[in-house]
Amino acid sequence: MSDPVRTCILAREEAPREGLIRLALSPDGDVLPDVRAKAPGRGAWIGVARAELESAQAKGKLKGALSRAFKTGDIRIPDDLGARITAQLERQLLDRLGLEFKAGHVVIGGERIQNAARSGQLHLLLHASDAGADGAGKLAQAWRVGSDAEGSGKRGLTLPLSRTILSLALGRENVVHAGVTDAKAAGRVSDVLGRWLHFIGPELGSSACESASQGASALPQGSPPHDERLTEGLRRPA
């Protein structure tokens with residue numbers, strides 16, 4: 001079954017809802033991000049990057065689009081809406097990595113990742129922003145060898161997240177590199193990762209992408225701490 005299609009209220013372009021970001025309206029008229037698309041109430045969808053969203057907000061275009069989507073002008077848009085969305089998208093990625101790690105689909109540690117890479121079991125390779133170039137390069141070379149892609153330039157994806165954040169997400173110390181060894185898990189991680197990187201934009205996004213054969217097509221080209229209160233108190237579905 002294909003993903004339901006929604007229309008971005010700013011770009012007016014249709015896209016599968018899994019690639020868009022949902023905004024919801026609280027009973028008090030506050031516009032709140034709902035990146036998991038589970039909050040009750042009427043929703044509005046955006047597919048633009050943060051810079052475009054904040055530009056539309058500054059010019060008043062966002063309020064007009066949201067008023068039409070929610071069918072009311074009695075709305076309040078927080079000044080830090082872009083930051084709130086960024087925080088939720090980052091949290092969604094970290095939660096997904098944590099779940100896949102607990103399920104045994106993520107390996108950490110240079111030796112374990114190299115073994116998985118050389119045996120052809122690696123489907124996604126991620127590096128912390130403060131990872132050393134030598135270590136990342138060795139893992140990338142092992143990946144190319146294991147996937148019979150020597151000379152292809154395939155390498156991992158350097159995230160705009162430090163090793164401290166990755167370590168907290170996986171509940172381990174000093175996580176500098178992570179490898180996803182299950183194809184479906186790599187797809188799930190790529191989905192949430194791609195949406196986050198698309199929203200924050202190329203200036204804050206990754207510095208390198210893995211090959212298309214390993215899921216780069218799921219990553220569009222292209223943080224404040226998570227606050228659980230951002231979607232509290234939303235209406236029940238209409």
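In which helix does Ala69 lie? In this predicted model, Ala69 belongs to helix H2, which spans residues 61-70. Once the neighbours within four places in sequence are set aside, Ala69 is in contact with Ile9, Arg42 and Ala44.

The axes of H1 (residues 50-58) and H3 come within 9 Å and cross at roughly 155°. This angle is over 145 degrees, and the two helices are therefore roughly antiparallel to each other. Their crossing is right-handed. On the H1 side, the contact is made by Arg50, Leu53, Glu54 and Gln57, and these meet Leu81, Gly82, Ala83, Ile85 and Thr86 of H3. Sorted by class, the contact of H1 with H3 has 4 nonpolar, 3 polar and 2 charged residues.

A second pairing joins H3 to helix H7. Here H3 (residues 81-102) and H7 (residues 183-200) pack at an angle of about 165°, and their axes are 9 Å apart. H3 and H7 are therefore roughly antiparallel to each other, and the crossing of this pair is left-handed. From H3, the contact draws on Gly82, Ile85, Thr86, Leu89, Glu90, Gln92, Leu93, Arg96, Leu97 and Glu100. H7 contributes Ala185, Arg188, Val189, Val192, Leu193, Arg195, Trp196, Phe199 and Ile200. By class, the contact of H3 with H7 has 11 nonpolar, 3 polar and 5 charged residues.

Helix H4 (residues 110-118) brings burial into the picture, its buried residues being Ile113, Ala116 and Ala117. Viewed down the axis of H4, these buried residues fall within an arc of 100°, so they line one face of the helix. The spacing has a simple background: an α-helix has 3.6 residues a turn, so residues three or four places apart point the same way. The partners of the buried residues of H4 include both strands and a helix: they pack against strand S6 (106-108), strand S7 (124-127), helix H5 (133-146) and strand S9 (177-180). After H4 comes Gly120, whose phi is positive, near 80°.

Terms used
Residues numbered from 1 in each chain as written. Predicted model: local features only at pLDDT ≥ 70, side-chain atom pairs only at ≥ 80, totals over all residues. Heavy atoms only, no water. Buried < 20%, exposed > 50% of the residue type's maximum accessible area, 1.4 Å probe, protein only. Helix = DSSP H or I, 4+ residues; strand = E, 2+ residues; numbered from the N terminus. Arc of directions from axis to C-beta. Contact = heavy atoms within 4.5 Å. Axes fitted to C-alpha atoms, helices over the stretch in contact; angles between N-to-C directions. Parallel < 35°, antiparallel > 145°, perpendicular 65-115°, else oblique. Left-handed = near helix turned anticlockwise from the far one by under 90°. Nonpolar A, V, L, I, M, F, W, Y, C, P; charged D, E, K, R; others polar.
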